[in-house]
Amino acid sequence: MTEGAGRMGEIPAAEPVDAMDGLATASELVDGNAVGHVDAQPVRAPRRRRSPFAPVRALGSGIAAVGVKELRGRMRGRRAFVILTLYLLFLAAFAWSWQLIAERRYGGDVLSGGSAAFASALIGQEIFGALLVVETLLVVFLAPAMTAGSISLEREKQTLDMLATTPIPSLAIVVGKLLSALTYVFILIIASLPLTAMVFVFGGVAPDEVARGYLVLFVTAIGLGSVGLFISALLQRTQAATVVTFFGVLGLTLGTLFVVLFWMTMAGIGPNQTRVTADDDGLLKGRPPQELLLFNPFATQYDVICGASDGYGGWCARLADLTKGAISVGIGGGAAGGSITTIDAGVGVGAAEPGKIVADVAPVQPFGIRRDTFWPRSVAAWLALSAVLILASVQLVSPTRRWRMPFSRRSA
Amino acid sequence: MSGIVRTSGLIKRYPGTLAVAGLDLDVGEGEIFGLVGPNGAGKTTTLRILATLLKPTAGEAEVAGINVRRNPDDARRVLGFMPDSFGVYDDMRVWEYLDFFARCYGIPAARRRQMIGDLLDLVDLGDKRDAYVQGLSRGMQQRLCLAHTLVHDPQVLLLDEPASGLDPRARVELRELLRELRSLGKTILISSHILPELEELCTSVAIVDHGTVLAQGRVADIEKRLRYGAVLRVRVIGDAEAIEAAHDFFAADPRVASAALLGDGQIELGFRGDDAASADLLARAVASGIRIASFARAASDLEELFLQVTSGGSGRPAEAVA
């Protein structure tokens, strides 16, 4: 981020118009260059000597070129900073009101000593969870919206051709677009860090838990940003790309959650049920695979938030209640150490002998659960998906792409 | 002759259409080469192949000795491409626009600023340095877009329909600019369907239709070949009798195929002969006492040629010209 910050510093600095610039005439310039050219290439085919790092350097400077250009546009004027300020004010107000709610709930005039310290820790966890949920919401909406137009706008403005005839690698175009589009999201996330650090005043949340929550936020931004970027490269129109991206995000969040809920209801699994037996006469057998929720940023963040709680309460219970235990059981199942394979096998076969215990469903959070086993896999899955989507976008951006989508319009 | 831009047997096939069908081009260094043809003739496709934006189905294309199919990255460093519907970025200043493309070519920061100033002077936008790109007039945007193709000092410029959508004044400015670039040693390849533009501007032209070259050569050569069989328009001063006499004089010449009185002393002659023959005819007419106010070729030669070549079938006229 230090590099990004450096670039940020460079942008508002309007280049002073140097009167001396204009003195050299154009012919001098071109003559000078022409001489250089003759020296460099006595024959027509230029064969420059290349260092082994040349491709890497080309990629780096290409990303910088695209990034600087994009950021100049995005960060110009007051708008970006006004939005940042309003966002922080809103977040602070939200955190404060949540603190008041939590104090009402856990605190009281009669608390003293150890119980006061415990109440303070609970309040800290409450604020931590509230902030992470709101920020996840922000990332889920903002990151794909920022990237959904990035490639298609270049196509619509006919600038992609001009960009493609420069030696800049397609990977640099794609990565530069992604990073610059996400820079503002990153800034919003980072700017909230001091606010989140306020929870340390209350206690109950460890620094590594905050780090986990922010890692999930960043990875979610990259992942959903890549989704938007890929759809933008795939569909030629920004409007279509925005709509498809929006529904894609809805599918990943609400859609997956609904499928899990549906599955659990059909399989007859209750929120607090710890065992699944095969004689349940539901439509579906067994527990829904937690992979369904792997790309649901809220489920991932829930695992982090619950990891911070040391009791079944606060945000952990609230989210579980809200989803009728779907999230709790869905994720908790995977966290119930060692039984994953059994569960998956049970789900896959689905026709075990009646009455036989097919699988252990999660013990209810948090007692006896190995926590923090879901978010690392979700983060890894998001990063892998991002890599795939970026490479696919490069294929789509590259003018002489190796493979073509059967339904993409051919360029004239 | 081996030119700086060459294509041989270039073919680009789209599902259902053959956009370029075996196109051979040979553009000499330092020329302003016009690619003329009706819409859909394959001009843009050819330029996009040369600009490494499309892969040809078959055939070879070279720019400055570099095969654009095999070495697109090298080719991109020696060519500048301006698409026909050039785009400009919103929310960007003029100098930032050039700075961006200079960065794309990996030009070091120290040289960028100097170069941006020089390029803006070259395209006469020096005082618009801090203006926003979307606020420029179309002619200015065009010149700015042309400037962006020059940031890496390419040997070859590929300009797709550079004159389209420009008002006459902007066109004149563009023409001057292209002449200046030519004097700086650039080879310029222009596609257009606006013939008078190219006639004044280009040193060589290739007439393209249905994806093949129908005629190619220096403008002077093509014109010379064409002069055999041009239309002469003569205006004679005098009373009706004198005009009638002049008409009879011209009609009697063996090289005049037809002579028509247009009124107001104008006579249109279908003339079979080159410039020397027409000069000869003029001299004899003057010697015989006809008072001639003007004596000139009608219509634009290239336009005539263009219509001749592209209207009736594709195979026959190519042979006729070649």
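**View 1. Pairing of B:Val208 with B:Val213 in β10(B)**. In this predicted model, B:Val213 of β10(B) is the bridge partner of B:Val208. Six bridges link β9(B) to strand β10 (residues 212-218) of chain B, and the two run antiparallel. Strands pair if DSSP finds at least two bridges between them; strands (E, at least two residues) and helices (H or I, at least four) are DSSP runs numbered from the N terminus. The hairpin of β9(B) and β10(B) has two residues between the strands, and B:His210 takes a positive phi near 50° there.

**View 2. Burial of strand β9 of chain B**. Six of the six residues of β9 (204-209) are buried, so the strand is largely enclosed by the rest of the structure. Buried means that 20 or more other C-beta atoms, placed from the backbone, lie within 10 Å of the residue's own. B:Ser204, B:Ala206 and B:Val208 point one way, and B:Val205, B:Ile207 and B:Asp209 the other way. In a regular strand, side chains alternate between the two faces of the sheet.

**View 3. Parallel pairing of β3 and β9(B)**. Strand β3 (residues 32-36) of chain B is joined to β9(B) by four bridges. B:Ala206 in β9(B) is the bridge partner of B:Leu35.

**View 4. An open sheet of four strands in chain B**. The order is β2-β1-β4-β5, with antiparallel pairing. The edge strands, β2 (17-27) and β5 (66-67) of chain B, each pair on one side only.

Residues are numbered from 1 along each chain as its sequence is written, and chains are lettered from A and ligands numbered from 1 in the order written. In this predicted model, local features need pLDDT of at least 70 and side-chain atom pairs count only at pLDDT 80 or more, while totals for chains, interfaces and linings use all residues.

Notes. A residue is buried if 20 or more other C-beta atoms lie within 10 Å of its own, exposed if 12 or fewer, and partly exposed in between; C-beta atoms are placed from the backbone.
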